[in-house]
2 protein chains.
Amino acid sequence: MATKTVATEKRYRIGEFAAKTGLSGPTLRYYEKEGLVKPHRSDNGLRYYTDADTDWIKFLLHLKGTGMTIDQLKQYVAWRAEGDATITKRLQLLKNVRRGFLQEFEELQHSMTILSDKIDWYQGKVDGHISDNEGFANYLASLNHEE
Amino acid sequence: MATKTVATEKRYRIGEFAAKTGLSGPTLRYYEKEGLVKPHRSDNGLRYYTDADTDWIKFLLHLKGTGMTIDQLKQYVAWRAEGDATITKRLQLLKNVRRGFLQEFEELQHSMTILSDKIDWYQGKVDGHISDNEGFANYLASLNHEE
DNA sequence: ACATTAGTTAAAGCCAACTTTAACTAATTG
DNA sequence: CAATTAGTTAAAGTTGGCTTTAACTAATGT
């Protein structure tokens, strides 16, 4: 029987992986300590990460981006490690995250509108087509934005 | 000459004003210490706020909501206190804030998409119309979301 | 008048999410 | 092979934005 050759996946050491993910080395170690990512170790004892880890980190950062805390991510990872029995729990968690995020999103949009209105008002003053005496409250009321 | 009666505006003491704005008393004092709001004092020495303060706090909270830090707000307030000479500076600051916020907003939308895709994927597994073996990466690729 | 509730100050404490430090070992480059 | 760069650990420090504490005074309800 001929020698079996295993297709070895690329190994990223922590520095390279940090550059790849946009995280810092210390942050990756911190995430590892928190159980959010589990790199492998080569024979010399150094960490290495794979492309699968890249995908996971990317996804994790998106979850974080939607407002999930480290603790929530920990819970998610713990459930994931338990296997398919926890799928509905994970689904429920993500749905809750989405619900909170959507609400936050609407508030952001409203703030955005107010900010833009204020910018327009300043612009109007600078360009001279809003009277010196017209206050912002007045101006806001003249637009039709619901509070 | 008859006694002059001045139409006195409503005065909110800190507790009432806190309830009105959704902030806590200590937070209002903190904002005051940072120079973000400047309540008046009645003869007895207690703070009071007016409806104009309410409008300002509302606007301030929207600015904060778009990602402005306390320090940026301080700068804004300082410029505002300097009068019309700083209008272009304020306009520029708000435009910068909007630019940063818009960028952040797009990232949020992208994270939202990924989160929703993941929820759909889990839902598919739960409902049984996504095979046990189909990974999320595969599923993602099967959708047409640009990275 | 007295109890309760609200307000005052300055200073210390808290929290999440990292970041920095220290003291070391491993790997790479000229 | 020496110098430089990268990685290792545990522990302490940082940051922003409040919150809590302590020790007090003022206002209000019965």
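## Interface between chains B and A

About 3300 Å² is buried between chain B and chain A, and carbon and sulfur atoms give 75% of this area. Buried area here is the accessible area (1.4 Å probe) that two parts lose on being put together, summed over both. H62(B), L115(B) and Y122(B) supply 19% of the area that chain B buries against chain A, more than any other three residues. This is a predicted model, in which local features need pLDDT of at least 70 and side-chain atom pairs count only at pLDDT 80 or more, while totals for chains, interfaces and linings use all residues. Residues are numbered from 1 along each chain as its sequence is written, chains are lettered from A and ligands numbered from 1 in the order in which they are written, and side-chain values use heavy atoms, with hydrogens and water left out.

In terms of contact (heavy atoms within 4.5 Å), 33 residues of chain B meet 33 residues of chain A.

## Polar pairs and contributing helices

Between chain B and chain A there are zero salt bridges, a salt bridge being a side-chain nitrogen of Lys or Arg within 4 Å of a carboxyl oxygen of Asp or Glu. The two chains do have 10 residue pairs in polar contact, both residues at pLDDT 80 or more. A polar contact is a pair of N or O atoms within 3.5 Å; within protein, one must be able to donate a hydrogen and the other to accept it, and residues adjacent in sequence count only if both atoms are side-chain atoms.

On chain B, the elements giving two or more residues to the side that touches chain A are α3 (51-65) and α5 (87-127). Helices are DSSP runs (H or I, at least four residues), numbered from the N terminus. α5(B) gives the most, with 25 residues. This side of chain B divides into 18 nonpolar, nine polar and six charged residues. Ala, Val, Leu, Ile, Met, Phe, Trp, Tyr, Cys and Pro count as nonpolar, Asp, Glu, Lys and Arg as charged, and the others, Gly among them, as polar.

## Surface near DNA strand C

DNA strand C is surrounded by 18 residues, the closest being T27(A), Y31(A), N44(A), G15(B) and R47(B). A residue is near the strand if one of its heavy atoms lies within 4 Å of it. The largest share of this surface, four residues, comes from α2(A).
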